Each structure stands twice: as C-alpha cells, then as structure tokens.
Amino acid sequence: MSQRKFDFYIVPTPIGNIQDITLRAIETLKDVDIIACEDTRVTQKLLNHYDIKTKCISYHKYNEKERVNFFLKELKSGKRIALVSDAGTPMICDPGAVIVEELIQEGFSITALPGACAVTTFLSQIPRKSEEFIFTGFIPRSEKQIIETVQKHAGVNMVFYDSPERILKTLNIIKAARPESKIALARELSKLFEEVICDDISTVIKHFDDGIKGEIVCMIYADNNTQDAELEFKIKTLKAKGFKDKDIAIILSALFKLNKNDIYKKSVNM
Ligand code: SAM
C-alpha cells in the first residue's frame, strides 16, 4: 500500500525483544536517507538484523542543538530523515523534542509511527480501576523530591521509570511516606527475565530482598482516601455555590469521567 511521504519520521524500536518492530517501521528505516539515532552502535545492531543499509548519524542529548542545523540542511536539500532512540519510542524519556520543535517552526512535515514503549506495554497488562494515570518520566532521586512527587499525584495512578540501582531505595522512601501504598512493578518487559508484580509496597520490597536487576517501570496506585477527599471537596464547593445534587453529578461526572450515580449519592448524603 502506498503511503503518504513525510520529511521526518519518529520511529519506535524494540524495548527488548528484537522482533517487536512493525513492518512499517522497517520499511521506513529502509526508505529514508538518514537515520538519526542516539548511539550508532546500538542502532546498527538492529539495522544489521533487518538488513537495513541506511546511513546512521548520532543525535543525542549532548549534541542535540548542533545536529539540528545539520539535519535542517539535509531536509532542505530534499533528504528524508527517521529518528530512533536506543530503545522504545523517541521523545518518551529520550531525545527528539529539540529537533521536532525546530522542524515544526520550519514547516517540515512530521509523523510518528506507533510502536514499542515501556509505559504502554506496562499499563496494558496492569489491572486498574481508572483509565487515568500520570507519567512522571524518571522519578527524582532525592528523598525530598520523591516524597513531593508522590504527594502531588496521590489521587491518581502514578507511573514512573527508575533504575535498578535506585528502585529499592525509592520504594522504601515511598513506603515511609505512604505505608499503605499498592504498587505494580515490571522489569525486563518483553525480555527473557520479564517479571510483573502487583502487590502492597512491603510485599514488593520483600520480593526483591536479594536485589533487583534489569530495566524497571513502576506504578503507585492512586490513594483512594485522597481521591475521596478530593471528590468531597469538589462536591462541597459546588454545593456552596448553590448547585443541586443532580447538577453536581452531571458536572463532575462529565469533567472527571466518574460515575454519575455514585457522585449523586455522595452529594445527597453530604
Ligand atoms: N523511550 C523509551 C520508551 O519508549 O519506553 C524509554 C527510554 S528511557 C531512557 C529508558 C527507561 O525506560 C529504562 O530505564 C526503564 O525505566 C524503561 N524501560 C525501557 N525498556 C524497558 C523494559 N524492557 N522493561 C521495563 N522498563 C523499560
């Protein structure tokens, strides 16, 4: 099937299993003139596997700004470029934002291909009561910032990346701040030692008593008490403004995708 041609393609690559790449991604990487990649050695292994001969040029957070000028020149001369990162989807905790912003300003056509990403691979197998989540990227390192981040997002499922060297320290800090937390943690998604655990925070920490290896993505479940308190606060505020229970239920269910009848019952009983 013939595809519309773009100047710039954002192309996801596997997060572990080398087969997790789409046919369209392979075709695109073969078809463009240049592949901009974080580490040419990492990407070259993938290209060799799929017999892709396109030239690779490094583009990473340390040369992002200077490379943009080079890529702009190439695009203006009619070349087409694909951006990949070492693993997963570019611009999800990976470089790309600087060049994409510049290309939009310059009026180049850009598209992103769907594909592998640790956040979506994780979330698509974790039981959740609500669709709502917040992704913080890599969780901060200091105790103070970890606690602030967790408190700020207490009412919503909070997904984050962390390194295997830090994750147990991070979980212990969270446990001290919110001992009742429920956690979902995945390591090595799509790889040989893939493991997903979903339990209260003490059990998860105990499970990894001997240490934890591999790449990690983690979620702290929303604290239901905080969610309830936030909802009650919203109902009270609307009641104080003279809204009727029925209208409060309509407004809050529409704005926050909550069950209308549940809100109505809560509002009536307050
Ligand atoms: N762009 C990537 C994506 O689409 O997920 C993320 C890049 S970020 C630099 C790397 C982090 O993603 C790792 O430290 C880990 O937290 C997470 N990650 C990447 N691959 C993973 C995997 N196979 N299993 C679990 N987490 C993974």
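**Surface patch.** I looked up the nonpolar surface and found a patch of about 280 Å² made by Leu255, Phe256 and Leu258. Patches here take residues with over 30% relative accessible area and no salt bridge; like charges are joined within 9 Å, and nonpolar side chains (Val, Leu, Ile, Met, Phe, Trp, Tyr) within 5 Å. Accessible areas come from the Shrake-Rupley method with a 1.4 Å probe, and for residues only the protein chains shown count as cover. Phe256 belongs to helix α10, residues 245-256; helices (H or I, at least four residues) and strands (E, at least two) are DSSP runs, numbered from the N terminus. Phe256 is partly exposed at 35% relative accessible area, where buried means under 20%, exposed over 50%, and partly exposed in between (1.4 Å probe, protein chains only).

**Basis.** I note that this is a predicted model: local features need pLDDT of at least 70, side-chain atom pairs count only at pLDDT 80 or more, and totals for chains, interfaces and linings use all residues. Residues are numbered from 1 along each chain as its sequence is written, and side-chain values use heavy atoms, with hydrogens and water left out.

**Salt bridges.** I searched the whole structure and got 13 salt bridges, each a side-chain nitrogen of Lys or Arg within 4 Å of a carboxyl oxygen of Asp or Glu. Lys79 and Glu74 meet at 3.1 Å, N to O; Lys79 is partly exposed at 33%, whereas Glu74 is buried at 14%. Glu106 pairs with Lys76, the closest N and O atoms being 3.5 Å apart. Glu106 lies in helix α4 (97-106) and Lys76 in helix α3 (64-76), so this pair ties together parts that are 30 residues apart in sequence. Arg166 and Asp162 form another salt bridge, at 3.4 Å between the closest N and O atoms. Arg166 is partly exposed at 21%, and Asp162 is buried at 3%. Shared partners join Lys5, Asp31 and Arg80 into one network of salt bridges.

**Strands.** I traced an open sheet of 5 strands in the order β6-β7-β10-β8-β9, with mixed pairing; two strands pair if DSSP finds at least two bridges between them. Its edge strands, β6 (133-138) and β9 (195-200), each pair on one side only. Strand β8 (182-187) runs antiparallel to β9, with 6 bridges, and Leu185 stands opposite Ile197 in β9. Elsewhere, β2 (34-37) and β3 (55-58) run parallel and are joined by 4 bridges. I found Ala36 opposite Ile57 in β3.
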